[in-house]
Amino acid sequence: MGVLEISGLSVRFMIQSGIIYAVDSVDFSMKPGESCALVGESGCGKSVLGMSVMRLLPSNAVVTGLVRFQNSDLTGLDEHDMQQIRGKEIAMIPQNSAMALNPVMKIGRQVTESLILHRGVSRKAAATTAIHLISRMGISDPDHAMGRYPHEFSGGMQERILIALSLACNPTLIIADEPTAGLDILIRNQTIELLKEQSRGKTLLLITHDLGCAHNLCSRIAVMYAGEIVESGPTSDVLSLPKHPYTLGLLASLPSAGFHPIPGMSPSPAGFPAGCRFCARCQSATDLCHTQHPPLRIMGGSRQVRCLLYD
Amino acid sequence: MNKGVVFWIGCFVFLFYGAVAVCAPILAPYDPYAITGPPLKHPDSEHPLGTNATGQDILSQLIYGTRVTLLVGFCAAAISCCIGTLLGIETGYYGRIFDEVVMRIIDIVMTIPLFPLLLVLTLFFTPGIFTTAVLMGVLGSTRGIRVIRSQVISIRHATFIEGARAIGEKDHQIMYRHILPNILPLVTVKFVSSMQHYLLLGVGLSFLGLGDPMVIDWGQMIEQAYSSGGFALGLWWWLLPPGLAVVGISLALALLGYSSEEIINPRLLVNRL
Amino acid sequence: MNTLGLLQKCRTNVPVFLFIAFIIALCVFSGCINEQTPELPATHNIAQPSGTDVVIPVDLPSDLISSNVITKKKGVPAGSMIYEGLVTKNRNGTYEPALAQSWEVSDDAKTWTFHLIHNATWHDGVPVTSADVKFTYDYLKENNLTMGFVLSDVSSVTCPDDYTAVFQLKNAYSVWPDRLAQSPGIGVYPKHFFENITDPKTYKDTEFIGTGPFRFDKSEPGYVRVARNEEYHGEKPEVSGVILKLITNKDSQVLALKNGEIDVIRDITPAVAENLLQDPDIGICIVPGTNGYEMGLNMNQYPTNLSSFRQAMSHTVDRSTICDILGNAHPTETTYLLPEVAGEYVNPAETGMYNYNLTMARDELLQAGFFQDEKGTLCGPDKNPVELIMPLGGKASTGTVDEKIVTVLRNNWETLGITVKIAKYDDESQYRKAIDKGHVFIDAMPSILHDDPDDLVNFAVTPLKNKNYYNFNNAEFNSLTDSVRNTINKEERKQIGYRMQEILSEDIPTVPICNIDNYVAYRKDRFTGWEKLLEYSEIDNPTVLSSLRPVTTS
Amino acid sequence: MWGLYIGRRLIYSGIAFFISITITFFILHLMPGDYITNYLLSLGTVLPQETIDEFHRQFGLNLPLTDQYLLYMENILLGQWGYSYQYSVPVLPLILDKLFWTLIILLPATIMGILYGMVLGAYSGWNARSKRDLSLFNVMIIVRAIPSYWWAIMAILIFGYSLSLFPIGGYTSISILYSGIDPVDVLYHAFLPIAVLTLTITAGNYYLMRNSMISVIGEDYITTARTKGLSENSILWHHALKNAMLPVVTVAALQCASIVTGSIFVETVFSWPGLGLLTTEAIRARDLPLLEGIFLLDTFVVIVANIVADLLYPLIDPRVRAGGDE
C-alpha cells in the first residue's frame, strides 16, 4: 500500500490567452520509505506536480484526478484539513532562493513556527527542539543562529535551515523542490549528503533537473516531459541504459557525457501535438510518432516507457 | 478582466474632455466673456447652466475652462516628466559624483515645504497659466527623478546594455536607444498620474485666488461662486458644474493611470493562492 | 477574456456606480434643498450669544484684535469701538464731537483749538485731560509709530489748561478735523498707561484702555468680546456688548447669518441680498454710495497720454450695463466728486459730460489720426495696433467689482478694435507700480473721503508727494489745491473747487464710472436701529453699534 | 557603525536645513512688494516717504540683503524669530498657537488616515482581485480623485448647512466667551475638517499599502509559510504584513512632515484659522518674519521626519540595519 498514490492527475491553468496543460494525466505512486526523483527540464510540470500534491496551486489552476495520501484523497480535503497535513504529514523543502526565508523574521521563529502549530508545544520546548534540529543540520553555534536573520547566512546555510524547518515536525513525506538549485558544487554535495541522512526512513519525493542529485538520493526515478511521465524505473537501470530517446538525450547533454544538448524546444504547453510530444526533437521518430500518442507501457524490471519504438 | 474595461472608460472620458477643449469655439453657445444675460439667471433653454454674477453664460465658460485647466495640467506634467526622465537617466546611468550632486540637491529641495513655496513663487512671478505650469512641473519633478533613476540603475547592468557597451556604442546612444525604451512605459504611467495631480493642484491654486485673470478656468469659477456666497443661497448651477467637471476629469485620469500601471506592472495582477 | 471575468467585472463595478451616483445625488440634492428652503434650518446645535451681544463677522485672523492697537488702524476712531478721537465725521459731511465738544480755528487755518468734554474717563476710571492729547501726539512722534503720519502736519500741541488742546500746524489746513476724524484719523491714548511703556512696537497690550462706548472684555480663539462701557461719557450703548467672530469666507458668513450665528454681514451682492430677504427675520440696509469707482488713465503712456484719446475713451464707458450687472451701482455723471456726499461742492456745469456713445468715440478717434485696419483692429497714428494694459488689484478688487467693470469695458473696447491686456496683482505696492506702467486702471474711492474740494489733492502734485497715479500734473491745479487748503470761507472754497473740476474735465485724467451702495444684511429678530448705518456705513462703527436696541423677546 | 550612521545623518540633515532656509530667505526677501507700503496704502492715504523709510530702518530692511541674511542667521541661532509685522507679536508663540489648532484637526486625521489606509490596503491587497478588493479599490480611486477642497465644500453644504448636523466653520461655538473652552465643543467643530482630511489621507496610503502587499504575496517566503501549514490569517499577520509595511513607513513619515501646511485648503473652506490660513495670510501681507518663521518650522519638521524615518526603517528591516545607510 503506497504512501502517495497519484492517478490520472491533470493540472490546467486558465489564463487570459487560453489554457495551459501543465500536468497531463500522470499516474505515480510511492511506497513507504521509498525515495523517488522526478526529473525533467524546467517547464515540464514537475514542480507543478509537487505543488498540486501540497494543494498550493494558484486559484486559476484546475486540478483533476486523484491524489491519495495514506488512503485519504487530498483533492477532496478542505483548506483547513489540508493545513493540518502540510508541514506535519507532508513537508516541502522549497526551491532555495534569497527570498525563501522571511527576511524580517528571526530564524528561530521561522523554524519553531510549525512545531508550535502542529505539535502544540510551548515556545520554550519548540526552541530547544529547533536548536537540536539546526545543530543536526551542521550549523555551528545553533542557539546564536536562532536569533539571527536570514540575510546573515550564506546560500548553503539558508538551504540547511529550509531543510531544518521542513523536517521540524518529522513528516511522513518530504517533497524537495530543486534543493540544489543555485548552489555551488561543494555546497551542493554537502546538501545532498545532508538530505540523504536526514531523509533516511522517510518517503522522499525529489523534484530536480539534476540527474546527479537524483542518482545520489533516490532509488527510483521518473522522467517527465511536456507534462507527462515518459520513463520511470529504478534509478541505476534508467540511468545506465535509458530507453526513451528523451532520457538518452538528457544523459547525452550532461557535461560528463560530452555536453550534446537536445536540438529544438519542448512543445508549448498551450497545445500539444497530436502524436508523441517528443517526436519533433527525436532522431528516431517515425511517421506514426507524429500521429499516434504513445501510451505508457510496462517493461520488464518494473520499468515504464512512453514510446512507440518499443511496441 | 476588469482592467481593460476601466482603461477604456478612462481613455474615453479623457478624450471626451480633450475634444471639448479643442472644439470649444464650436460647442460653446456664447462667447464666455460676453455678457449674454441678466446676472445669476436660472438654467433655462437659452442658458442651459444659467449665468454667473456677471451675466456670462456658465456653460460656455465651463467649455472654455476645459482648455486652460487641461493645458495647465498637461504642461506641468510634461515638464516634470521631461526633467524627471532626463535627469533620472543621466544620474542613473553615470552615477558617481554627478549622481551624488543631483541627489543631494533634490534632498535639499525636498526639505523646503513645497506648497507654500509654490504659492510664494506664483506670486513672485505674477500668476499666469504657464508660470503656474512651469513652477508646478519643476518643483514636482524631484520625486519623478528618483523613481526613474532607480529604474535605470536596476537595468544599467542588464546584459543587453552591457552588450551595447561591448560593441562600443556611445553613452548617449545607449541611454536613448536602449535604456529609454525600457523605462518609457513607466514614464507614461507617471505622466498620466502626475497630470491628474497637477490638474487638481492648478485648480486648487486658482481656487485660492492665484489664477490667471486673462483666462477662464474651473478653479476661478469655483472661487467666484464660493467667495460670493453663491451656493449658500441655492445658486447651485454656479458652483456645481465646474466642481463636477474637475471631479470627472480627475477620475478619468485616475482610472487611466491605475489601469495602465497594472498593464506595465503585471505583478499587480497576481493570482491568489 | 472568459465569461467568469465578465461576470466578476459587472459585480465589482456595481458599488462604484452606486458611490458615484450617491455623491452626485447628494450635491444636486443639497443644491435643491438650499434653493427651495429659505426658512432657516434647525439651529438647535448652535449656541446663541447670551445676553444682548451683537455678533459681527471678521474676515481675517489679523482683523480680530491686534495686540498693540496704538500702532494700528484698529486704534483709530473709524475702526475702533474702544478708542476715540477728538471728533468724528458722518457721511453728511458734518463733524460730531467725540472727546472734543467744540473747536475753533485761526484765520490762517494753522492753529486749531479743541475744547475737551469734562466728564470723560478712561476705562480704568482715570479722567481724560488735554495732557493725554498732547501725550498721544508726542508719543507717536518719538516712537515713530506707523500711525504717526496722520499728525505729520502738526508742528506742536500745547495744553493751556486741562481741557484745552491747541494743535499748531506747519502749514494751513482748512479741513484739519477731517484729518483727525477719518481715513484713518487718529485716536487719543491714555498717558498714564503708555508713558511707562518704552517699546510700544513690541508691547503686548492686554488691557486696551480707551474711552470709547465699549471696553475690551476678553479674547478667545476665533472670538473677541467688548462689553458696554458703563461709565461712557456719551450716550451709553443699549447692547450689553459686541462679539467679533472670525469667519474667513463669505459663503460661510452668509450661512452663519441664516443660522443666526451672526447678526450682520456687509458687502453682499444684491442677488444674495434678495435671496436673504426671503427670510422673514433678515433685513437689508442699503448704504448708498459708499464706494466710487473711476477709470483712471495714465497720462505718461502712449496712447493714454493723448488728450484726444482720453476724450474718446471717456465716451466708451457703458455705465448703464455696468450698473445693471453690479445691481447696486448708480452711474456717476460728474467730473469727479460724488454727488450724494459732496453736495453743493459739485460743479453743476460739469455733470453728464461722459455719456456713453461709441460712434462718437470712434469719430473722435478717427479725427485724432487713429484708424481701423481691414481686420478691424484699431491702429494709432504710428500705424501700430492699439493695445491697452490694464492692471487689476488693489483696493478696487474687493468683491471683484472691478472684474465685472473690466468685463464690460473690454467688450466695448474690443468693438472699437482695441486689444486689452489684464494682469492681476494681489499686492498693493506691486499694483501701484504696475499702473504706472499700464494705461488704464480701475480704482475705488471710499466716497466718504471725497466730499470736499480738499480731497481733489489726489490729482495734484504737492511737495508731500511728487506724483499721482494718473501722472496728471497741471500747474494751475496744483496751486489751486494749496489755496483750497488755506481758504476757510466756504463760498470761496466752492468756487476754487469748481475751477479744479473744470480743469479735470478738460484734461480727463480719470473717468468716473459709478458709485456703489453697500448692502448690509442683519437679523431684525435680534436687534433694531441699524438705520444708523446710513450715517456711518461701517458695521463695526461704534456709533452704529451703540445705537442698536435689542429686540425684547418674550 | 550604527552610531556613525546616525551621526552622519544628523550632520548631513543640519547642512541641508541651513541651505534650504537660506534659499527660502532669499526668495522671500526678493519677493516684490513690502508690508508697510501695502498697509499704509490700505489706509487709503497718501503716505509720506519718510514713514516708509523709518519702517524699513526699524526692521533693518534698508540694509543690504547679505547683511540682513547674516543678521537673520544670527537671530535664528539665538532662537529669536523676530516680530510679525501684521500682529506685531513674537513670531514663534504666534506660530505655535496656530500650530496647536492645526494639529487638532491634522493630527487625528493623519493618524487615522495612515491607520485606515494601511488596514484597508493590507486587506484588499491580501485579497487582491477578489470582488471585495476590486470594489474597495475602485471606491478608493474615486475618493482620491476628488480634491480635498471639493470634499470640504460639499461637506459644509450637506452636513453643515442642508442637514445642519455640524457647524459650518470656526474653532468653537460662541459659548467659549462665557463658559470657557469646551473640548467636546471643539471636537464637534473639528469633526468635519478631520473627516475630510482623513478621507484624503486614507486614500493615498491605501493605494501604497495595497501595491506593496500585492508584491509581497508573490514572494517565496509566503509559499514557504504555506508549506508549513500555517493558516492564511497567521501568514498575513506574521509574514506578509510586516514586509508590506516597509515601503509605507517612509511615506507615512513624510506625510507627518506635510502636517504644517498640509491643510491649507481645508482650513480655508472651514474657516479654521490654523497654520495653513496663517501662511496664506502672511504671504498676501508680505509678513516676512512670519513667513520665515513658518518656513523654518516646516523645513525643520520635514527634516526631523526624514531622520525619524531613517532611524525607524532599520528597526523594522534588519537588512538595512546591517547594510548601514546604503
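This is a predicted model: local features need pLDDT of at least 70, side-chain atom pairs count only at pLDDT 80 or more; totals for chains, interfaces and linings use all residues.

Modeller: Take the contacts within chain B that join residues at least 6 apart in sequence: 69% of them link residues at least 24 apart. Here, contact means that two C-beta atoms, placed from the backbone, lie within 7 Å. Residues are numbered from 1 along each chain as its sequence is written, while chains are lettered from A and ligands numbered from 1 in the order in which they are written. The model has an ipTM of 0.82 and a pTM of 0.85.

Now the build of chain B. It has ten helices and zero strands. Both are DSSP runs numbered from the N terminus: helices are H or I, at least four residues, and strands are E, at least two. Along the sequence, the pattern reads α-α-α-α-α-α-α-α-α-α. The C-alpha atoms fill a box of roughly 75 × 45 × 35 Å along the principal axes. Of the 273 residues in chain B, 55% are buried (20 or more other C-beta atoms within 10 Å of the residue's own; exposed is 12 or fewer, partly exposed in between).

Next, one pair of helices. Helix H3 of chain B covers residues 58–94, and helix H4 of chain B covers residues 96–111. Their axes come within 7 Å and cross at roughly 135°. So H3(B) is oblique to H4(B), given that angles under 35 degrees count as roughly parallel, over 145 as roughly antiparallel, 65 to 115 as roughly perpendicular and the rest as oblique. Which residues of H3(B) and H4(B) meet? From H3(B) come B:Leu87, B:Thr91 and B:Tyr94. From H4(B) come B:Arg96, B:Phe98, B:Asp99, B:Val102 and B:Met103. By class, this contact of H3(B) with H4(B) has five nonpolar residues, one polar and two charged. Ala, Val, Leu, Ile, Met, Phe, Trp, Tyr, Cys and Pro count as nonpolar, Asp, Glu, Lys and Arg as charged, and the others, Gly among them, as polar.

Last, the neighbour. In chain B, 27 residues are in contact with 33 residues of chain C. Three helices of chain B each supply at least two residues to the side touching chain C: H1 (2–22), H9 (218–227) and H10 (236–264). H9(B) gives the largest share of that side, three residues. The side of chain B that touches chain C has 18 nonpolar residues, nine polar and no charged ones.

Key: Axes are lines fitted to C-alpha atoms, for helices over the stretch in contact, and angles run from 0 to 180 degrees between N-to-C directions.
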